[in-house]
Amino acid sequence: MNANATPTDGADGDIDPDQQPRKLDDCRRCGLWRNATQAVGGEGGRRASIMLVGEQPGDKEDLAGLPFVGPAGALLDKALAEAGVERQAVYVTNAVKHFKWQLRGKRRMHKSPAQVEIRACSYWLDQELDDIRPSVIVALGATALGAVMQDAKRTLKDAMGHVMKRGDTRVLATYHPSFALRSPSHESRDAAYHAIVQALARAKRLADEGG
């Protein structure tokens with residue numbers, strides 16, 4: 001898809017919600033593939049003890065085909081370093097694997113995925129969880145939290161600071177790095193960033209404890 005094109009809904013005939021593709025690039029479970037440059041899968045150690053789950057790829061990720069390589073990724077790298085967690089020691093992915101966007105001027109701007117798109121992409125997130133088998137998941141933002149916990153009504157406000165469970169895997173929730181970047185005041189940006197660092201540091205302690 002041309003990065004400057006305007007997204008369109010297209011025909012429903014090229015969507016198959018029951019599809020079980022073997023490769024991410026072949027996925028047609030929802031319509032987001034039409035307007036994305038490419039699918040963006042997870043990246044990191046195949047037996048990482050910590051998995052970080054964000055919402056969806058952004059513009060830079062869509063073009064590069066890699067998760068968290070844009071401004072939010074740079075902030076995440078900084079937070080990981082401050083928390084004492086090596087980026088190469090974690091697995092990083094998104095709840096939704098295609099960039100959903102709307103054109104604003106000449107820029108492709110993030111548009112939140114719909115629940116039907118999040119549910120369609122749970123096919124891939126479930127596979128990643130089964131493959132990586134992390135001991136701790138950090139959900140970055142409300143969309144990721146809902147996808148990980150399989151509960152769209154779960155709120156970030158209520159979840160933060162608590163250790164939850166998905167099966168035997170412990171789950172922590174914190175802000176998405178993009179929230180820390182776009183918060184309106186220095187104080188709110190600083191508070192969001194430090195909440196991310198604290199969640200990552202806690203995830204490391206839990207992972208180091210094992211079990």
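**Exercise 1. Divide the lining of the largest pocket into classes, then describe that pocket.**

Solution. By class, 12 lining residues of the largest pocket are nonpolar, 11 are polar and 8 are charged. Here Ala, Val, Leu, Ile, Met, Phe, Trp, Tyr, Cys and Pro count as nonpolar, Asp, Glu, Lys and Arg as charged, and the others, Gly among them, as polar. The model is predicted: local features need pLDDT of at least 70, side-chain atom pairs count only at pLDDT 80 or more, and totals for chains, interfaces and linings use all residues. Residues are numbered from 1 along each chain as its sequence is written, and side-chain values use heavy atoms, with hydrogens and water left out.

Next, the volume of the largest pocket is about 890 Å³. Its lining holds 31 residues, and the closest to the pocket centre are Gly58, Ala72, His110, Ser178 and Arg182. Two or more lining residues come from each of helix 1 (59-64), helix 2 (71-83), strand 4 (101-104), strand 5 (107-110), helix 4 (142-149) and helix 6 (177-182).

The terms are as follows. On a 1 Å grid over the protein atoms alone, a pocket is an open set of points with protein on both sides within 12 Å along at least five of seven lines, a cavity is a set where a 1.4 Å probe fits but cannot get out, and lining residues have an atom within 4 Å of a point. Grid points are joined across faces, edges and corners, and a volume is the space filled by probe spheres set on the points. Helices (H or I, at least four residues) and strands (E, at least two) are DSSP runs, numbered from the N terminus.

**Exercise 2. How many cavities of 30 Å³ or more does the structure hold, and which residues line the largest cavity?**

Solution. The count is 1 cavity of 30 Å³ or more. The volume of the largest cavity is about 60 Å³. Its lining consists of Cys27, Arg28, Arg29, Cys30, Trp33, His98, Ala120 and Cys121. By class, 5 of these are nonpolar, 1 is polar and 2 are charged.

**Exercise 3. Is Glu117 buried or exposed, and what does Glu117 contact?**

Solution. Start with the location: Glu117 belongs to helix 3 (residues 115-132). Its relative accessible area is 12%, so Glu117 is buried; buried means under 20%, exposed over 50%, and partly exposed in between (1.4 Å probe, protein chains only). Apart from neighbours within four places in sequence, Glu117 is in contact (heavy atoms within 4.5 Å) with Cys30, Leu32, Val96 and Lys100. The side chains of Glu117 and Lys100 are joined by a polar contact of 3.1 Å. A polar contact is a pair of N or O atoms within 3.5 Å; within protein, one must be able to donate a hydrogen and the other to accept it, and residues adjacent in sequence count only if both atoms are side-chain atoms.

**Exercise 4. Where is Ala159 placed, and which residues is Ala159 in contact with?**

Solution. Ala159 is in helix 5 (residues 156-159). Ala159 counts as buried because its relative accessibility is 3%. Leaving out neighbours within four places in sequence, the contacts of Ala159 are Leu145, Met164 and Ala173.
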